[in-house]
Amino acid sequence: MSIWTWIRSRLQEPQYGETEARSSQAEFTFKAVAIGLLIGCLLCFTNLYFGLQTGWISMMSLQSALIGFLLSKMLPTPLSPQEIIVVQTTAVATGTMPLAAGFVGILPALGLLEEEKDGSPPIRLSWLAAIGWSCSVAFFGVFLSPPIRKQVIIKEQLAFPSGTATAQLISVLHRMPPPDTTLRHRSGYRAIDTEDSTHPTAVTDVPENHQEAAAAHDFDEREAVQREGWEDLLMSFLASGAMTLAAYFFPIVFAIPLFGKYLAREWLWSFTPSLSYVGQGIIMGFPTTLSMNLGMLVGWGILSPLSKHSGWAPGPVGDMSTGARGWILWISLAIMCADSLISLLPVVYEYCIKLVAWYRPTKPGDDAETHEDLEVETADRLVPTKWVIYGLIGSICVGTILVWIVFGNEGIKPWATLIGFMMGGLLSILGVRALGETDLNPVSGLGKISQLLFAWIQPGNVVANIIAGGVAEAGAQQAGDLMQDLKTGHLIRASPRAQFYGQLIGSSLSIIVSATAYTLYQRAYTIPGPSFPAPTAYVWLSLARLLREISSLLVTGQLPQNSASYMVLFAIIFGVIAGVKVMAAQHNHPYTKWIPSGIAFAIGFLNTPSFSLARLIGGIIEYMYHKRVAKSGGADIRLIVIASGFVLGEGVISVISLVLKTYGVGVASCWGCSGGICAGCPA
């Protein structure tokens with residue numbers, strides 16, 4: 001039976017009384033896939049919108065499962081827990097394509113090329129070319145995920161904290177026994193339904209009164225979600241959407257000169273009271289938003305004025321070429337590279353140790369359990385190895401051809417694209433292992449590693465450096481995001497094959513949705529531009545230019561004045577901090593999460609203060625809520641519902657703003673701006 005015949009048969013609703021053999025993939029139903037695609041399309045628009053604004057993209061896996069559960073309560077027969085897994089998997093595959101296909105970084109970076117500096121004019125893809133590029137990178141990570149699942153989820157049983165937390169949520173909502181997460185438990189993970197537990201044990205070992213308390217807590221959470229979930233989601237969605245529309249017609253709403261009009265106009269110190277940014281801060285958590293705002297204070301409060309007054313960045317502060325924003329960009333690049341490389345070292349070391357152990361001849365009686373097959377699913381519920389091999393070969397070959405068609409020989413040679421796919425496979429293993437251990441997928445660092453390699457393979461070719469880095473990063477990002485979903489499915493006993501089909505369908509639809517949305521944004525706005533600065537595009541392009549200069553032994557050719565010394569200084573500082581954080585995490589120290597994150601710190605440099613301040617408010621709300629309110633039943637999940645409504649509200653209503661902009665409907669009033677404060681201000 002072919003793959004597409006199987007999909008058509010499964011999209012038909014199963015009839016009551018079907019045999020167990022007929023229902024081996026019973027969770028793969030039309031309603032589960034349809035709800036997943038609906039949620040995924042909303043996430044796709046939302047992620048593209050926020051990705052172009054701030055470079056921030058959310059996987060929204062737990063939120064997808066929660067919204068899917070609320071939507072399914074409207075159906076005559078609510079979805080089963082396994083169907084919710086398909087909803088979540090399909091939604092994530094659809095919603096994360098803007099990052100996987102580079103719509104928030106790679107494609108805007110190619111549009112910033114300058115023939116004098118880079119040897120190539122700006123490259124702006126048509127809608128059809130964007131479809132071709134997306135197809136080239138959309139499926140490699142999907143076919144890569146089944147064999148990686150076998151290693152990291154089944155054999156090594158890594159924690160994948162977000163995936164485990166989602167499984168806990170689903171078990172609470174569906175009155176299921178909690179999934180067994182006792183193996184390879186990580187200190188950084190806190191189960192949703194065990195608020196104060198720090199040393200989880202099997203259910204049979206828990207005293208009876210503790211079991212009763214946990215059951216009562218689960219009941220309170222479930223009842224709170226079913227009673228108030230829709231109301232909370234709808235009200236938060238409408239509040240965020242109304243504020244977004246108000247800001248479109250009255251731009252000052254999202255550009256409040258909180259520190260005075262002079263600082264707002266000349267130094268970009270304004271405040272954006274966006275509820276979506278508050279929701280993002282809630283989802284990120286207080287430690288991450290605190291790191292981001294520390295970076296904002298250092299970058300925009302110290303280094304920006306220093307570079308301006310010292311004459312190192314003489315242009316307007318917001319100018320990416322001659323201004324302070326462009327100057328501190330290089331410092332953030334050094335911080336991200338140092339943090340990513342140091343954080344990956346333990347993963348690389350552990351992986352090398354395992355490789356040596358695998359190839360070492362085993363003696364009789366040595367760890368006999370290592371050869372035991374721990375797979376709990378039957379063969380008819382797994383993805384056949386034959387499909388994986390054909391899919392990987394096909395996605396690499398077709399992807400290489402499509403990249404060559406879209407960009408030509410002048411952009412990147414086919415052999416270089418092939419190396420990019422192979423790099424993507426290797427980096428995916430590192431990224432997935434880091435994600436499974438720490439809940440952080442270091443895709444930005446992995447992308448930079450691929451850029452470093454291609455600076456040596458094709459020296460001086462900025463276009464090839466960006467494209468090949470994007471190909472490698474796409475595989476690592478997709479494999480990591482999908483692995484969280486597969487961990488959730490493993491704990492809830494959902495079919496990996498059903499999830500695989502959800503991933504294929506979601507990725508396929510998202511190619512069209514992402515390319516269409518990006519093309520519409522390009523027509524309505526300048527990208528990068530005041531409204532959508534696409535900060536990650538500058539990171540990709542700046543590193544490619546720097547590596548070209550280094551390969552040409554002209555290290556000072558492109559770097560702004562005196563930026564090199566500060567890059568080295570901050571790289572050393574955050575290399576040490578990253579090392580301390582890694583060691584603290586290995587020893588399970590409780591203060592680990594309060595050690596600044598280098599990536600979050602650097603994002604505080606990339607984004608203007610208006611973005612970071614609102615997220616800090618969300619982080620503070622999350623911290624205070626869990627300290628003072630979350631002891632009552634349902635508080636954890638209720639906060640997630642409200643934050644999800646905030647994020648989705650602005651992301652979805654931004655589509656209306658895009659339509660209004662396309663048809664020439666402008667702002668109603670520039671009252672309160674006084675010129676130069678609001679994004680895209682004509683004054």
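1. A patch joins residues with over 30% relative accessible area and no salt bridge, nonpolar side chains (Val, Leu, Ile, Met, Phe, Trp, Tyr) within 5 Å and like charges within 9 Å. The model is predicted, so local features need pLDDT of at least 70 and side-chain atom pairs pLDDT 80 or more, whereas totals for chains, interfaces and linings use all residues. Residues are numbered from 1 along each chain as its sequence is written, and side-chain values use heavy atoms, without hydrogens and water.

2. On the surface, Leu290, Leu294, Leu297, Tyr591, Trp594, Ile620, Tyr623 and Met624 make up a nonpolar patch with about 670 Å² of accessible area together (Shrake-Rupley method, 1.4 Å probe). Helix H14 (286-309) and helix H24 (609-628) each give two or more residues to this patch. Leu297, in helix H14, is partly exposed at 45% relative accessible area (buried is under 20%, exposed over 50%, partly exposed in between).

3. The whole structure holds 25 aromatic pairs (ring centres within 6.5 Å; planes under 30 degrees apart are stacked, over 60 edge-to-face, the rest tilted). Phe140 and Phe421 pair edge-to-face, 5.3 Å centre to centre with 70 degrees between the planes. Because Phe140 lies in helix H9 and Phe421 in helix H17, the pair ties together parts 281 residues apart in sequence. Both Phe140 and Phe421 are buried.

4. Tyr277 and Phe611 also form an edge-to-face pair, at 5.3 Å and 75 degrees. Tyr277 is in helix H13 and Phe611 in helix H24, 334 residues apart. Tyr277 and Phe611 are buried, and both belong to an aromatic cluster that includes Tyr49 and Phe532.

Technical notes:
A salt bridge is a side-chain nitrogen of Lys or Arg within 4 Å of a carboxyl oxygen of Asp or Glu. Helices (H or I, at least four residues) and strands (E, at least two) are DSSP runs, numbered from the N terminus. Buried means under 20% relative accessible area, exposed over 50%, partly exposed in between (1.4 Å probe, protein chains only). Rings of Phe, Tyr and Trp (its six-membered ring) pair if their centres lie within 6.5 Å; planes under 30 degrees apart count as stacked, over 60 as edge-to-face and the rest as tilted.
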